[in-house]
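Welcome! Here are some exercises to work through with the model open beside you. Try each task before you read its solution.

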Amino acid sequence: MSFFCNSYPIIEKKALAGDIYSYTLLCPEVANEAKTGQFVQVKAEGYTLRRPISICSIDKEKGTIRLVFEIRGKGTDKISQLNKGDLMDIIAPLGNGFNYSTEKQGRVIVVGGGIGTPPMLDIARDYGERATAILGFRSFDRVILDKDYAKGGAKTIVCTDDGSVGVAGTIAKPLEEELSKGDVAMVFGCGPTPMLKAVVECCKAAGVPSQVSLEQRMGCGVGACVVCACTVIRGGRQYVLRVCKDGPVFKGEEVVL
Amino acid sequence: MSLEVTLCGQKFKNPIIAASGAYGFGDDYTDLYPVSALGGVSCKGTTLKPKDGNPTPRIAETPSGILNSVGLQNPGLDRFISYYLPRLKKEDTVVIANIAGATVDDYREVATRLDSTDVDMIELNISCPNVKQGGATWGVTCTGAATVTKAVREATKKPVIVKLTPNVTDITEIARAVEAEGADCVSLINTLLGMRIDIRTRRPILKNNVGGLSGPAVFPVAVRMVWQVSNAVKIPVIGMGGIATAEDAIEMMMAGASAIQMGTAIFGDPYAPIKVAQGMEKFLKDNNIGSINDIVGTVKPW
């Protein structure tokens, strides 16, 4: 795997919900190399650090990648001012990505929370009707990508904390129910830490392996600065690894959340 | 036009060195350009035993800079010698080991063991603001700085660079103290101690509460300190702190730096060191200067 540092044209920009934006970049070299679950480091003009943003979807034929992010601060606000036709300066693709093969038997479940929803869209696309997407949001006006998930054939369950749409409450109950139906080969999760903890616990209880994508404040994004640490336990030993290069995807059974 | 510089008998093809902590062990950016494009690489601060570093978050953006509180996370000396050093030594660049420790014995042992390797130079980190023991606790007093320098000097024949902290009343006194104990070179500045608070949660952004400030915000402080130190000692000075462009690098060398290091700028633009080298060449050409050495310390103070 290799990465590039370049500016690529924005060919589409859409506002999804509130302060959440979707961008499509024409970057054949990146799209060709990219894997589901990887991320990009986006330059925010006038800021020292780039902002890590997960890849939502990759279209290798068209040579595009799609990025979906929320304005969290001044850096992401600056990036969100870019428009169709502008160039976006990115380092990409970065990180390890999700590990899966659709040739293997069984169903998969993807669990997304809020702005952690985007990076698993292509997993759902690849598994089609064998995928179940459980997507959790604060309220109805924060719901994103539910139709995109459903479009690929995945059974899509939306949950909201306030019950304003879909299942009231967290993703935990629907996840338990889906797991209890059996035949689940893998669960993929991305979202806030309490949600990831719930995903890993449910999977452990059901004896199903899981992979979770972590978020952390990053420096370089390529492994050099060792800013974005996380702890994993492997073979009884504790290791402090880099979210950017050793992750952002880790085995749920190994990572300390 | 030549960018070649020689420091402590060591030849560098250009005066641009990747700063410790910003460039790992030289193998993270090779997808973009070979590490041989750089004059040298100062490797991630290495301690005798592996170190896990501080809790996260360890980084925060600041006006024109960043705060970090990594806390010297590194794989330890054994792994450096057996794995990273041989890999980097295959490249045509000067390899500098950056070493840190909690005690004088730690520094001595690390230096002793590096002496029998083919590492080119040793940079002594007595300026890390993010560890409770060692690090900057040595670098903030003349006695502490002198003690560690002396121990390392006795342990190795390799050229010894002492990396100084700016978090002191008078950096020239520290520089003189390490020169007196046999330092071959000083590098400065390490990061300035800083802090940021999230006003919504009233929590510091860094889990370590405080961290080291770097980036363009510290550049004028670094230029001033390099100028003062280069006037106070006879040994060469490596200048660093917020260098992002060729103009910055040239300014730093005019202040008295014989070579420069770049760190934070690389996070924003991985090609920044390459652009600095190109910009330096252009400056020499445009001004009809034969060698980059000819600009060192040429500031004309009022």
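Val184(A) is buried, with a relative accessible area of 13%; buried means under 20% relative accessible area, exposed over 50%, and partly exposed in between (1.4 Å probe, protein chains only). This is a predicted model, where local features need pLDDT of at least 70, side-chain atom pairs count only at pLDDT 80 or more, and totals for chains, interfaces and linings use all residues. Residues are numbered from 1 along each chain as its sequence is written, chains are lettered from A and ligands numbered from 1 in the order in which they are written, and side-chain values use heavy atoms, with hydrogens and water left out.

**Exercise 1. Find the strand that holds Val184(A), and list what Val184(A) touches.**

Step 1: Val184(A) belongs to strand β11 of chain A, residues 184–190. Helices (H or I, at least four residues) and strands (E, at least two) are DSSP runs, numbered from the N terminus.

Step 2: Leaving out residues up to four places away in sequence, Val184(A) touches Arg107(A), Ile109(A), Glu178(A), Leu179(A) and Val208(A). Contact means heavy atoms within 4.5 Å.

Step 3: Now look at Ser54(A), which is 130 residues from Val184(A) along the chain; their C-alpha atoms are separated by 25 Å.

**Exercise 2. Decide whether Leu16(A) and Thr64(A) are buried or partly exposed.**

Step 1: Leu16(A) sits in strand β1 of chain A, residues 4–17. Its relative accessibility is 30%, so Leu16(A) counts as partly exposed.

Step 2: Thr64(A) is in strand β5 of chain A, residues 64–70. Here the relative accessibility is 9%, so Thr64(A) counts as buried.

Step 3: Check the surroundings, not counting residues up to four places away in sequence. The contacts of Leu16(A) are Tyr21(A), Ser22(A), Arg66(A), Val68(A), Ile144(A) and Leu145(A). Those of Thr64(A) include Ile11(A), Thr24(A), Leu25(A) and Ser57(A).

**Exercise 3. Work out the strand order of the four-stranded open sheet in chain B.**

Step 1: The order is β5-β6-β14-β11, with antiparallel pairing. Two strands pair if DSSP finds at least two bridges between them.

Step 2: At the edges are β5 (59–62) and β11 (192–194) of chain B, each pairing on one side only. From one strand to the next, the twist averages 35 degrees; axes are lines fitted to C-alpha atoms, for helices over the stretch in contact, and angles run from 0 to 180 degrees between N-to-C directions.

Step 3: Follow β14 of chain B, residues 211–214, which is joined to β11(B) by three bridges. Leu192(B) has Leu213(B) as its bridge partner in β14(B).

Step 4: Strand β6 of chain B (residues 65–68) also pairs with β14(B) in the antiparallel sense, over three bridges. Ile66(B) has Ser214(B) as its bridge partner there.

**Exercise 4. Explain why two aromatic pairs tie together parts that are apart in sequence.**

Step 1: Over all chains, a search finds nine aromatic pairs. Rings of Phe, Tyr and Trp (its six-membered ring) pair if their centres lie within 6.5 Å; planes under 30 degrees apart count as stacked, over 60 as edge-to-face and the rest as tilted.

Step 2: One tilted pair is Tyr100(A) with Tyr127(A), at 5.7 Å centre to centre and 40 degrees between the planes. Tyr100(A) lies in the loop between β6 (87–94) and β7 (107–113) of chain A and Tyr127(A) in helix α3 (residues 121–127) of chain A, so this pair ties together parts 27 residues apart in sequence. Tyr100(A) is partly exposed at 22% relative accessible area, while Tyr127(A) is buried at 7%.

Step 3: Phe25(B) and Phe80(B) form a tilted pair too, with 5.8 Å centre to centre and 45 degrees between the planes. Phe25(B) lies in the loop between β3 (16–18) and β4 (40–42) of chain B and Phe80(B) in helix α1 (residues 77–89) of chain B, so the parts tied together are 55 residues apart in sequence. Phe25(B) is buried at 8% relative accessibility, and Phe80(B) is buried at 1%.

**Exercise 5. Name the residues that touch the most other members of the largest nonpolar core.**

Step 1: A nonpolar core is a set of buried Ala, Val, Leu, Ile, Met, Phe, Trp, Tyr and Cys residues joined through side-chain atoms within 4.5 Å.

Step 2: The largest core has 139 residues, and Val187(A), Ile99(B) and Leu188(B) touch the most other members. Another core, of 27 residues, lies apart from it and includes Ala17(A) and Phe98(A).
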